[in-house]
Amino acid sequence: MLAPCYIVIAVLGVIVVLHLLFELHYFTRSLLTVVVGLFCKKKKHILDTLSVKGICLTSDIDVLLYHMNNARYLREVDFARIDFYQRTGLLSHIRAKGGGVVQGAATIRYRRFIRPFHVFRIDSRIIYWDASSIFMEHRFVTPKDNFVRAIAVCRQKVIDCNAEEIMTDLLGRPEPKMATTMTGVSNPSAVIEMEPEDKDNKMHTVVLDPVKPNGLPSKPALPLEVAKWLESNEISSANLRNGC
């Protein structure tokens, strides 16, 4: 009779040790996101906007107990980014080139609370890239009012390979569904997305640079807010190098 008790105690002890050494929920959910993205969801083009849903649980709330903890937003972005990597083939393509990808920088702006037990959606897309980095935007949207509660921009540093080459290869895959008509845009074939930006239903449009001769879309223009953010990062780096 003692043997089963020892087994149960040993198992519980292992679980406690694992919880102390690792964040099991994070790794378990990451693994689940990878599996679902690979086997249960449709593959997407690299310029598509991909969405994942979430809910603010009691483990996500702030000490004030009435809204989602600020730190949880970037944690949720991790899972949205994993889903994006798997469904677009971005990560596998980087690894096939012998490279890797790490988070280089992130900025987030909070616009309105996400309340406990409220459902939200994270819309993720690539907004720019250069030779060393891929820039992604993540929007936290509440489906009931389609309001953007928070918006994050993350710089993914590609190491041991060229991000421009990676994106060029992935752009050669089947194109995303293009908009056919739009008021005020001279080149409708270059439009890749229209979506409500806020509660007033103003439309946010992403327009690509001129289409390449082979019919494939080229790199989007550098968004102004990203340019200013990069400038501030350079100033910060210069200050650190100077011992400030």
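Modeller: Read from the N terminus, the elements of the protein chain follow the order α-α-β-α-α-β-β-β-β-α-β-β-α, which comprises six helices and seven strands. Helices (H or I, at least four residues) and strands (E, at least two) are DSSP runs, numbered from the N terminus. The model is a predicted one, in which local features need pLDDT of at least 70 and side-chain atom pairs count only at pLDDT 80 or more, while totals for chains, interfaces and linings use all residues. Residues are numbered from 1 along each chain as its sequence is written, and side-chain values use heavy atoms, with hydrogens and water left out.

Of the 244 residues in the protein chain, 40% count as buried, where buried means under 20% relative accessible area, exposed means over 50%, and partly exposed lies in between (1.4 Å probe, protein chains only). If one takes the contacts (heavy atoms within 4.5 Å) between residues at least 6 apart in sequence, 68% of them join residues at least 24 apart.

For the interior itself, a nonpolar core is a set of buried Ala, Val, Leu, Ile, Met, Phe, Trp, Tyr and Cys residues joined through side-chain atoms within 4.5 Å. In soluble globular proteins, nonpolar side chains tend to be buried together. The largest such core here has 19 residues, of which I46, F84, L90, I126, W129 and I134 touch the most other members. Two or more residues come from each of α3, α4 (90-96), β3, β4 (133-142) and α5 (163-171), and α5 contributes the most, with five residues. If residues up to four places away in sequence are not counted, I126 touches I46, F84, L90, I134, F135, M136 and M167. Apart from this core lies another one, of 14 residues, including V52, C56, I122 and C154.

R115 is partly exposed, with a relative accessible area of 34%. The C-alpha atoms of R115 and I55 are separated by 9.3 Å, although the two residues are 60 apart along the chain.

Just after α6, G243 takes a positive phi of about 80°.

Helix α2 (residues 24-39) can be read in a similar manner. Its buried residues are S30, T33 and G37. They cover an arc of only 60° around the axis, which puts them on the same side of α2. They pack against α3 (70-88), while T28, L31, L32 and F39 are exposed on the other side of α2.

Finally, the aromatic rings. Rings of Phe, Tyr and Trp (its six-membered ring) pair if their centres lie within 6.5 Å, and planes under 30 degrees apart count as stacked, over 60 as edge-to-face and the rest as tilted. A search of the whole structure finds nine aromatic pairs. In one of them, the rings of Y26 and F27 have centres 5.8 Å apart and planes at 85°, so the pair is edge-to-face. The rings of F120 and F140 have centres 5.9 Å apart and planes at 40°, so that pair is tilted. This second pair links distant parts of the chain, with F120 in strand β3 and F140 in strand β4, 20 residues apart. F120, at 1% relative accessibility, counts as buried, and F140 does too, at 0%. By contrast, Y26 is partly exposed at 21% relative accessible area, and F27 is partly exposed at 48%. Y26 and F27 form one aromatic cluster with F22 and F79.

Key
Arc of directions from axis to C-beta.
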